Amino acid sequence: RVTATDSHGENIFPSLPPLHHGHSEVHLRNGIMNASRLAADHEPDAEKAFFVADLSQVYRQHQRWISALPEIQPFYAVKCNPDPYVIRLLASMGAGFDCASNNEISQVLDVGGIEPSSIIFANPCKAVSFIRNAAKMGVNKMTFDNSDELYKIARAHPRAQVVIRILTDDSKSLCAFGIKFGAPLVTVPGLLAKAKELNLDVIGVSFHVGSGCYDPTVYDDAIKRARAVFDMGKEAGYSFSLLDVGGGFEDGLFENAACVLKEAINRYFPERAREGIKIIAEPGRFYVSKAFKLAANIIARRAPLTGSEPAAPDTCAAAQAAATAADSESEEEKPAVMYYINDGVYGAFNCILFDHQVKHPYVLSMNGSFHVSSSEPQHMCSVWGPTCDSIDCVSPKTVLPVNLKVGDWLGFDNMGAYTVCAASQFNGFEVSKVIYTTGGAGGFEVRNTLAAFAAAGHGL
Ligand code: PLP
């Protein structure tokens with residue numbers, strides 16, 4: 001059992017069932033697991049980079065969701081971060097799950113206590129064996145956006161409840177999906193006729209405005225298109241009962257997006273017309289981005305880079321761009337020190353390459369102390385990952401103290417979305433482990449965790 005109490009000793013999570021299949025239990029008390037447990041998990045090399053997951057943040061995001069979108073049930077997009085503790089917490093709070101593969105379905109079902117009906121297999125292009133497996137697992141809801149998929153589903157899972165994924169405007173998102181997925185509206189009547197002919201049960205419509213959506217007004221047009229497809233469904237002899245508004249929810253714009261969505265739903269699906277229609281969404285990054293931080297150790301440094309020293313090998317794309325502008329760049333703008341840390345773009349920071357994220361570190365500890373004086377000389381520096389590849393650049397330009405040493409720690413925020421899930425072991429580097437917390441007083445849970453290491457004999 002997870003015991004999770006806040007600093008007042010209150011139990012903050014609902015009672016959670018035990019995890020199945022060999023995930024060790026964690027005990028969370030006043031912010032962090034106890035120090036000896038942390039140390040045991042991390043021996044022998046205490047300088048390894050690690051994530052700190054604040055599960056109370058996931059809990060708070062869910063409270064935000066419920067208060068802004070009470071009518072829409074979130075089906076958490078597992079691909080974003082398939083952490084078993086996150087999945088279990090979300091399940092206990094009533095969320096469903098969007099799975100993209102067989103393994104994700106198994107992962108969710110293995111957590112225990114989650115019904116297959118709480119899963120949507122939201123990948124419009126699936127291997128036949130995956131569709132067959134979904135049928136075996138009792139997962140019926142699945143998306144499609146082309147007629148070949150309909151033939152496959154009719155063969156491998158004839159009792160599936162299929163959902164048509166339509167194309168919407170994704171031009172206002174960091175990661176657009178329309179180039180790969182989504183049926184243009186002109187193709188929908190033909191697809192629905194084919195589904196009817198194959199005796200398939202089409203139950204509704206889904207869309208995705210793209211991940212990292214920075215203009216929530218696009219939800220309005222997406223709902224308008226979904227309305228048109230509901231009407232096309234009627235024409236084809238279906239009575240749809242599911243509207244899936246996808247993902248794309250950005251933390252800072254969430255309430256704004258919720259407003260746009262609610263207004264659009266009220267306009268295009270007025271209250272009486274939406275009786276009998278279940279509305280779901282597939283949020284990913286909204287739930288986990290802020291909940292995970294990463295602590296990485298400085299394992300090497302190169303300085304100075306000014307004066308007669310040769311310039312840094314700026315082969316990272318961003319660094320190269322910086323180098324092109326370097327001639328006109330003032331000395332203050334040029335990276336003075338190169339810091340090398342023990343996680344990089346082949347690991348947790350793959351989000352820089354795949355998810356267009358930009359990362360800037362802050363100093364967690366310096367010379368074994370958490371006290372970082374504001375009078376430390378700061379300069380433009382660059383931060384690199386541990387592999388032998390020069391694309392492994394975490395931050396080509398970021399302001400840091402120039403006298404950080406090997407062994408000092410850097411912290412990175414917003415590391416929960418599309419990070420650990422796509423990390424590789426390229427060059428033999430391990431994927432950073434996750435330490436679970438319920439949040440610490442003042443939000444210093446990463447420093448608290450480092451302090452716990454130190455207290456257990458693993459010096460900073
Ligand atoms: N649903 C589907 C089908 C997706 O492909 C994704 C992201 O790739 C998501 C939901 C989650 O999107 P986000 O993290 O932007 O909420």
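Ala300 lies in strand β14, which spans residues 292-302; strands here are DSSP runs of E with at least two residues, helices are runs of H or I with at least four, and both are numbered from the N terminus. With 12 C-beta neighbours inside 10 Å, Ala300 counts as exposed. The term has simple cut-offs: a residue is buried if 20 or more other C-beta atoms lie within 10 Å of its own, exposed if 12 or fewer, and partly exposed in between, with C-beta atoms placed from the backbone. Ala300 touches Tyr340 and Val406, leaving aside residues up to four places away in sequence. Two residues are in contact if their C-beta atoms, placed from the backbone, lie within 7 Å. A separation of 41 Å lies between the C-alpha atoms of Ala300 and Asp215, which are 85 residues apart along the chain.

The structure is a predicted model, in which local features need pLDDT of at least 70, side-chain atom pairs count only at pLDDT 80 or more, and totals for chains, interfaces and linings use all residues. Residues are numbered from 1 along each chain as its sequence is written. The predictor's confidence in each residue, pLDDT, runs from 0 to 100. The mean pLDDT of the protein is 86, and 81% of its residues reach 70 or more. Over residues 20-39, however, the pLDDT is below 50, and this stretch has 52 contacts in the model beyond near neighbours in sequence. Residues 308-315 also have pLDDT below 50, with 14 contacts beyond near neighbours in sequence. Where pLDDT is low, the predicted coordinates should not be read in detail. The model scores ipTM 0.99 and pTM 0.88.

Turning to the overall fold, the protein has 13 helices and 20 strands. Of its 460 residues, 47% count as buried. Among contacts between residues at least 6 apart in sequence, 76% join residues at least 24 apart.

The ligand has 16 residues around it, and Ala77, Ser211, Gly247, Glu282 and Gly284 come nearest. A residue is near a molecule if its C-beta atom, placed from the backbone, lies within 6 Å of it. The shell divides into six nonpolar, six polar and four charged residues. In this grouping, Ala, Val, Leu, Ile, Met, Phe, Trp, Tyr, Cys and Pro count as nonpolar, Asp, Glu, Lys and Arg as charged, and the others, Gly among them, as polar.

Lys79 is listed by UniProt, in an unreviewed entry, for "modified residue: N6-(pyridoxal phosphate)lysine"; such annotations may be inferred rather than shown by experiment. Lys79 lies in the loop between β4 (72-77) and α3 (84-92). Lys79 counts as buried because 21 other C-beta atoms lie within 10 Å. Beyond residues up to four places away in sequence, Lys79 touches Ala100, Glu104, Gly284 and Cys421.

Most residues other than glycine have a negative phi. Asn199 has a positive phi, near 65 degrees, and Asn427 has a positive phi near 65 degrees. Asn199 lies in the loop between α7 (188-197) and β10 (201-206), and is exposed, with 9 other C-beta atoms within 10 Å. Asn427 is found in the loop between β19 (409-412) and β20 (433-437), and counts as partly exposed with 14 C-beta neighbours inside 10 Å.
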